[in-house]
Amino acid sequence: MSSKACARLVVLGTGGTIAGQASSQSDNIGYSAAQVGVAQLLASVPALDQALTGHELVSEQVAQIDSKDMDFAVWRALHQRASHYLAQDEVAGVVITHGTDTLEETAYFLQCTLAPALLQAKPVVLTCAMRPASAVTPDGLCNLLDATTVALSTAARGVSVVCAGTVHAAADVQKVHTYRLDAFDSGDSGPLAYVEEGALRQLRSWPEPSSSSAHAVIGTLPDVDGWPRVEIVMSHAGAGAAVVDALLAQRAVAAPGVLPLRGLVVAGTGNGTVHVALQAALLRAQAAGIVVVRASRCTGGWVLPRSDDVFPDSQGLSAVKARIALMLRLMA
Ligand code: SIN
């Protein structure tokens, strides 16, 4: 796979375990995420020089957080900085260092909101680590190197995720393991490619950035305090109406900093089925103007529509991604 002639690779840092540090080299869980700056992280990968041959490296610290604490302000800033760099002729692609915990949400958010015309020509590649930078063998360095290979390849486009030598599409990727280095999976779709010894082995076509993406409808993202509030509830044995009813009751009381609820995603059992008591509450919510979408709490498969469905399904999206899709729909 050949690499691009554009002269610059941009790396945006947001924190995560890839930038994490523990007091002991053998501690892979008792660390603090988001301690090492992105410039320092890049300087710790001498092999990058070879991967970057002929390309200038530019880095920027957009945030420094544990990604469990990801918020809309960081998403908006990332969107703005990625858009800024992708629009520059000399930029070949953008790599984003990120925590693993909400990586799939950020990847999907960017895939939906960055301009398709920019993503058509240049990739945005998110990468991460399951071991902190202080570990005996920190996987983040190799992941960073692999992400560089993808971002500089002529084949890549759109938003993808690189972890443990595997390239996943933003729409498909899910974190599926709490500890293993190979913590991500693309479900039924399978990965896009592998990175092997600095070369990309493509397995399937790169998804085309869609001209009907949220970007086409929303254009510039509004200030985050105007982003619609969408919550996720889960169906389970003994599920009831209490959570949904509390959310509905909260709507009636205006409180500072609490946005009115606009949408609900239910992570249903199996094929998106919902406990009868929870379903009754969701029907009340729907009748009150809340948009309800039904995903599945299963990690594999799609929710297949049935003629007696009372709530629309998530069109193959997991609950966390269905929440983003619904937020963007309501934003539009
Ligand atoms: C995080 O998501 O920021 C911490 C966990 C990780 O990166 O693996």
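The model is predicted, with local features needing pLDDT of at least 70 and side-chain atom pairs counting only at pLDDT 80 or more, while totals for chains, interfaces and linings use all residues. Residues are numbered from 1 along each chain as its sequence is written, and side-chain values use heavy atoms, leaving out hydrogens and water.

**Around the ligand**

Let us start with the ligand. The residues around it (a heavy atom within 4 Å) are Gly16, Thr17, Tyr31, Asp66, Ser67, Gly99, Thr100, Asp101 and Ala129. Sorted by class, this shell holds two nonpolar, five polar and two charged residues; Tyr and Ala count as nonpolar, Asp as charged, and Gly as polar.

Polar contacts are pairs of N or O atoms within 3.5 Å. In the side chain of Thr100, an N or O atom is 2.5 Å from a ligand oxygen atom. Thr17 places a polar side-chain atom 2.9 Å from an oxygen atom of the ligand, and Ala129 has a backbone N or O atom 3.3 Å from one. Taken alone, the ligand exposes 250 Å², and the protein buries 95% of that (Shrake-Rupley method, 1.4 Å probe).

**Two helix pairs**

Helices are DSSP runs (H or I) of at least four residues, numbered from the N terminus. Their axes are lines fitted to C-alpha atoms over the stretch in contact, with angles from 0 to 180 degrees between N-to-C directions.

| Helices | Axes come within | Crossing angle |
|---|---|---|
| H3 (residues 72-86) and H4 (residues 103-113) | 11 Å | roughly 50° |
| H8 (residues 242-251) and H9 (residues 276-287) | 8 Å | roughly 20° |

The angle of roughly 50° makes H3 oblique to H4, whereas H8 and H9 are roughly parallel to each other. Angles under 35 degrees count as roughly parallel, over 145 as roughly antiparallel, 65 to 115 as roughly perpendicular and the rest as oblique.

Terms used. Polar contact = N/O pair within 3.5 Å; in protein donor to acceptor, adjacent residues only side chain to side chain.
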